[in-house]
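Me: I have a structure here and would like to go through it with you piece by piece. Can we begin with the pockets and then see where that takes us?

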Amino acid sequence: RADVLRRIDELVRLVPDYPKPGVMFRDITPLLADAAAFAAVIAEIAARVDGPVDLVAGMEARGFLIAAPVAVALGAGVLPVRKAGKLPGPTAAESYDLEYGTATIEIHPATVPAGARVLVIDDVLATGGTAAATVALLERCGAHVVGLSFLVELEALGGRERLAGHPVDVLVAVP
Ligand code: PRP
Ligand code: MG
C-alpha cells in the first residue's frame, strides 16, 4: 500500500503554470500508462470502499478513466457525469461556479434507480466545485452517495469542506 502511494507520487507529473499562470497541473498520463501502477491504484481504491455499491459515478473526462475500472473491480455499473450537451436526454443538470463563469454537468437520471448506492470518483479534488455539484445532482435524482474517492487532494483549496457529511477517501493529499 505504501508502495502504491509512492508510485502515484512518482508517476503524477507536476506541470507549473498550466493551463494558466499560477496553476500547478497534475498530469496523470504517466500513471495511466504504467500497467502495474495503474492496476495497483484501481485495486487500492476498490479495496478501500466500505459496503455495497450499485454504481460508480465518474466525472468527465479524467474521472471516467478511474471510475470505469473501479466499477468493474466492485461489480458495479458506471454512471458517466458528463459536461453539458453530451447526453441525448432526458437529462438532469447541475451548474456550479468556476473562477470565471459557470460549468454545467449532466446525467441520465433514468439510469439511477431510487436509492441506488453511488460511489463518486474523480482524479483530483481541488476546490470541490465539480464534486459538490455531482453529489447535489445525484441526490436530487434519488441516489444515495455512499462516498467519494480521489487520487489526489489539493488540501489548500478546501474542497473537502464542500463535501461535508460524505465520506471522502484520497490516496495522496498535497498540503
Ligand atoms: C479537473 C479535475 C477535476 C476537477 C477538480 O477537471 O479532473 O475533475 O478539475 O477541480 P475542482 O475540485 O476545483 O472542481 P477539468 O474540469 O479540468 O477537466 P477534465 O477532467 O475534463 O480534464
Ligand atoms: Mg476532471
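Me: What volume does the largest pocket have?
Reply: This is a predicted model, and in it the largest pocket has a volume of about 1200 Å³.

Me: Which residues are closest to the centre of that one?
Reply: The lining of the largest pocket counts 35 residues, and the closest to the centre are Val23, Arg62, Ala126, Thr127 and Thr130.

Me: And which elements give two or more residues to that lining?
Reply: They are β2, β4 (77-83), β5, β6, β7 (117-125), α5 and β8 (144-154), with β7 giving the largest share, namely four residues.

Me: How do the lining residues divide into nonpolar, polar and charged?
Reply: For the largest pocket, 19 of the lining residues are nonpolar, six are polar and ten are charged.

Me: OK, what about the second largest pocket, what volume does that have?
Reply: The second largest pocket comes to about 160 Å³, and its lining includes Ile45, Arg48, Val49, Asp50 and Leu119, together with Val146, Gly147, Leu148 and Ser149, and also Pro167, Val168 and Asp169.

Me: Changing topic to charges: how many salt bridges does a search of the whole structure find?
Reply: The search finds 13 salt bridges.

Me: Glu44 and Arg1, is each of them buried or exposed?
Reply: Glu44 is buried, because its relative accessible area of 13% is under the 20% cut-off. Arg1 is exposed, because its relative accessible area of 55% is over 50%.

Me: Which residue does Lys20 form a salt bridge with?
Reply: Lys20 pairs with Glu99, and their closest N and O atoms are 3.2 Å apart. Here too distant parts of the chain are linked, with Lys20 in the loop between β1 (13-16) and β2 (24-27) and Glu99, 79 residues apart from it, in the loop between β5 (92-97) and β6 (102-107). Lys20 is partly exposed at 36% relative accessible area, whereas Glu99, at 62%, counts as exposed.

Me: And what does Glu94 pair with?
Reply: Glu94 forms a salt bridge with Arg140, with the closest N and O atoms 2.9 Å apart. The pair joins strand β5, where Glu94 lies, to helix α5 (residues 129-140), where Arg140 lies, and the two are 46 residues apart.

Me: Which residues are linked in a network of salt bridges?
Reply: The network is made up of Asp3, Arg6, Arg7, Glu10 and Asp34.

Me: Let's move to β3, how many of its residues are buried?
Reply: Five of the five residues of strand β3 (residues 55-59) are buried. Both faces are covered, with Leu55, Ala57 and Met59 on one side and Val56 and Gly58 on the other.

Me: In what sense does β3 pair with β4, and with β7?
Reply: β3 pairs with β4 in the parallel sense over five bridges, and Ala57 stands opposite Leu79 of β4. With β7 the pairing is also parallel, over four bridges, and there Leu55 has Val118 as its bridge partner.

Me: Last topic, the backbone: which residues does a cis peptide bond join?
Reply: One cis peptide bond joins Tyr18 and Pro19, with omega about 0 degrees, and Pro19 is in the loop between β1 and β2. Another joins Glu60 and Ala61, again with omega about 0 degrees, and Ala61 lies in the loop between β3 and α4.

Me: What about phi of Asp17?
Reply: Phi of Asp17 is near 60 degrees, a positive value in a residue other than glycine. Most residues other than glycine have a negative phi. Asp17 sits in the loop between β1 and β2 and is partly exposed, with a relative accessible area of 48%.

How values were computed:
Residues numbered from 1 in each chain as written. Chains lettered and ligands numbered in written order. Predicted model: local features only at pLDDT ≥ 70, side-chain atom pairs only at ≥ 80, totals over all residues. Heavy atoms only, no water. Salt bridge = Lys/Arg side-chain N within 4 Å of Asp/Glu carboxyl O. Buried < 20%, exposed > 50% of the residue type's maximum accessible area, 1.4 Å probe, protein only. 1 Å grid on protein atoms, 1.4 Å probe; cavity = no way out; pocket = protein on both sides within 12 Å on 5 of 7 lines; lining within 4 Å. Points joined across faces, edges and corners; volume = space filled by probe spheres on them. Nonpolar A, V, L, I, M, F, W, Y, C, P; charged D, E, K, R; others polar. Pairing = 2+ DSSP bridges.
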